[in-house]
Amino acid sequence: MNVLNHILNNIFSNKKQLAVLIDPEKIRLSDVKRFVRKINQSVANYIFVGGSTVPVDLTEPLVLEIKKHTNLPVVLFPGDVVQITDKANSLLFLSLLSGRNPAYLIGKHVEAIPRLKETSLEIIPTGYLLIENGETTMVQKVTATEPMPSKHVENIVNTALAGELLGMRLMYLEAGSGAKSPVSPEIIKAVSNDLSIPLIVGGGIKTKAQMEDAFNAGANLVVIGTALEQNEDLFNDLKRW
């Protein structure tokens, strides 16, 4: 499956889209079957796999186990080169546009090329904007960058648009894993109004109501991860829109 085309087709059909993010550090392989069964019973369209500090050799076994139990596309959401595996369907080739650390703007991408040359992964250039949420996130610590202040909406919009003009095919607004609060509807709406590429929103989304707020503000795809890790009962709210 071409994941980017799938996202675009769903947008054309006015369909809400949900991705469940699984962090290889936060799930045991023995729990994957049960967890993925719940994903299959939900409205989720994609399974994202990745994390900020995943050790070598954890990602591929997890992807292989996930694919035993679902037909949903598995999309890599890597925090580092070691999380690349050709066992997934596609990879979000993330550029941290909100920061100014060259390693996460281009350095890691160059480092990834020898691995990517050996795969048949669908590679999707994706702009990644970290938005402040009231606490320090793991992304900040790992990348040594600061999030964009949420009050500087115009700068957030301009950064996202610059990413689109540079050739990004997706834009990802991120509050950070386990964020205290999600990206505000005001920011989502402002970015959505100026972009012509799909907008993904994640981080800090803990309820179906917050997902609806993101969709209503203009998100094309919402990502939820930590909330489901901490409370699988939330799956009960995700069986229908």
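**Reading cores, sites and helix faces**

Modeller: Let us begin with contacts in this predicted model. A second, separate core of 22 residues includes Y46, L92, Y104 and I200.

Biologist: Which residues touch the most other members of the largest nonpolar core?

Modeller: A nonpolar core joins buried residues through side-chain atoms within 4.5 Å. The largest nonpolar core here has 59 residues, of which I39, I66, L129, M171, L173, I188 and V191 touch the most other members.

Biologist: Where is L173 placed, and is L173 buried or exposed?

Modeller: Buried means under 20% relative accessible area. L173 lies in strand 6 (residues 170–174), and L173 counts as buried because its relative accessibility is 0%. Not counting residues up to four places away in sequence, L173 touches L129, I156, V183, I187, I188, V191, L199, I200, V201 and G202.

Biologist: What does the UniProt annotation "binding site" cover?

Modeller: According to the unreviewed UniProt entry, the "binding site" annotation covers Y172, L173, E174, A175, G176, S177, G178, G203, G204, G225 and T226. One of these residues, G178, is found in the loop between strand 6 and helix 7 (185–194). With a relative accessible area of 35%, G178 is partly exposed. Leaving aside neighbours within four places in sequence, G178 is in contact with E135 and T226.

Biologist: How far apart are V223 and A19 in sequence and in space?

Modeller: V223 and A19 are 204 residues apart in sequence, yet 4.8 Å apart in space, C-alpha to C-alpha. V223 belongs to strand 8 (residues 221–224) and is buried, with a relative accessible area of 4%. Beyond residues up to four places away in sequence, V223 touches A19, L21, F48, Y172, I200, V201, G202, G203 and I205.

Biologist: Which residues are buried in helix 3, and why do they count as being on the same side?

Modeller: An α-helix has 3.6 residues a turn, so residues three or four places apart point the same way. In helix 3 (residues 59–68), the buried residues are T59, L62, V63, E65 and I66. They lie on the same side of helix 3 because they cover an arc of only 165° around the axis.

Biologist: What do the buried residues of helix 3 pack against?

Modeller: The buried residues of helix 3 pack against strand 1 (17–22), helix 2 (29–40), strand 2 (46–49) and strand 3 (74–76).

Note on methods
Residues are numbered from 1 along each chain as its sequence is written. This is a predicted model: local features need pLDDT of at least 70, side-chain atom pairs count only at pLDDT 80 or more; totals for chains, interfaces and linings use all residues. Side-chain values use heavy atoms; hydrogens and water are left out. UniProt positions are given in the numbering used here, feature names are shortened, and annotations may be inferred rather than shown by experiment. Helices (H or I, at least four residues) and strands (E, at least two) are DSSP runs, numbered from the N terminus. Buried means under 20% relative accessible area, exposed over 50%, partly exposed in between (1.4 Å probe, protein chains only). Contact means heavy atoms within 4.5 Å. The arc is that of the directions from the helix axis to the C-beta atoms.
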